[in-house]
Amino acid sequence: MNTTIGENELVATREYDVPRELVYRAWTTPDLLARWWGPKGFTHTFHECDIRPGGTWKFTMHGPDGVDYPNHNVFVELVQQERVVIDHLNVHEFRVTATFEEIKGRTRVTFRQRFKKKEEFEQAKAICIEANEQQLDRLGKVLAELA
């Protein structure tokens, strides 16, 4: 695993053998985002996905155990091929900052998940470490299909 733990923050990094443009597209195209977002075995129903600064992203994650998890997010910042910032506003509040760095034709993704409250971070940390790694695995599979 490539996860480090900071104060109220998890940071996972991964390199993919694709250009940044493809990585950015996977983060900013609703159909692609639905294919990889979330841990292994989860599917989604997107209710709203307005990918622009200030745009709302509401969806339900359907767990492999049949449990539904409603999610409410807002896109904070989008910098073409460089960065996507999303605020998760329900249950545990956190900010996801994804940055995309080109390295000799490959792309390094740094996935930061910073929680607003320390107690919520401590509750979610163990689950999120594994879930974020699974999510980045799923992103890699989608990117391989796009390449």
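This is a predicted model: local features need pLDDT of at least 70, side-chain atom pairs count only at pLDDT 80 or more; totals for chains, interfaces and linings use all residues.
Modeller: Residues are numbered from 1 along each chain as its sequence is written, and side-chain values use heavy atoms, with hydrogens and water left out.

Biologist: Happy with that! Is Leu32 buried or exposed?

Modeller: Leu32 is found in helix 2 (residues 30-36); helices are DSSP runs of H or I with at least four residues, strands are runs of E with at least two, and both are numbered from the N terminus. Buried means under 20% relative accessible area, exposed over 50%, and partly exposed in between, using a 1.4 Å probe and protein chains only. Leu32 has a relative accessible area of 9%, so Leu32 is buried.

Biologist: Which residues is Leu32 in contact with, leaving aside its neighbours within four places in sequence?

Modeller: Contact means heavy atoms within 4.5 Å. With those neighbours left aside, the residues in contact with Leu32 are Arg25, Ala26, Val142 and Leu146.

Biologist: How far apart in space are Leu32 and Leu143, C-alpha to C-alpha?

Modeller: In sequence, Leu32 and Leu143 are 111 residues apart. In space, their C-alpha to C-alpha distance is 9.4 Å.

Biologist: Which residues of helix 1 are buried?

Modeller: Helix 1 covers residues 20-28. What covers its buried residues includes helix 2, strand 5 (68-79) and helix 3 (118-146). The buried residues are Leu22, Val23, Tyr24, Ala26, Trp27 and Thr28.

Biologist: Now the aromatics: why does the pair of Phe42 and Tyr69 count as tilted?

Modeller: The structure holds 15 aromatic pairs. Rings of Phe, Tyr and Trp (its six-membered ring) pair if their centres lie within 6.5 Å; planes under 30 degrees apart count as stacked, over 60 as edge-to-face and the rest as tilted. The rings of Phe42 and Tyr69 have centres 6.0 Å apart and planes at 45°, so the pair is tilted.

Biologist: Where in the chain do Phe42 and Tyr69 sit?

Modeller: The pair links distant parts of the chain, 27 residues apart. Phe42 counts as buried at 14% relative accessibility, and Tyr69 counts as partly exposed at 34%. Phe42 sits in the loop between helix 2 and strand 3 (43-49), and Tyr69 in strand 5.
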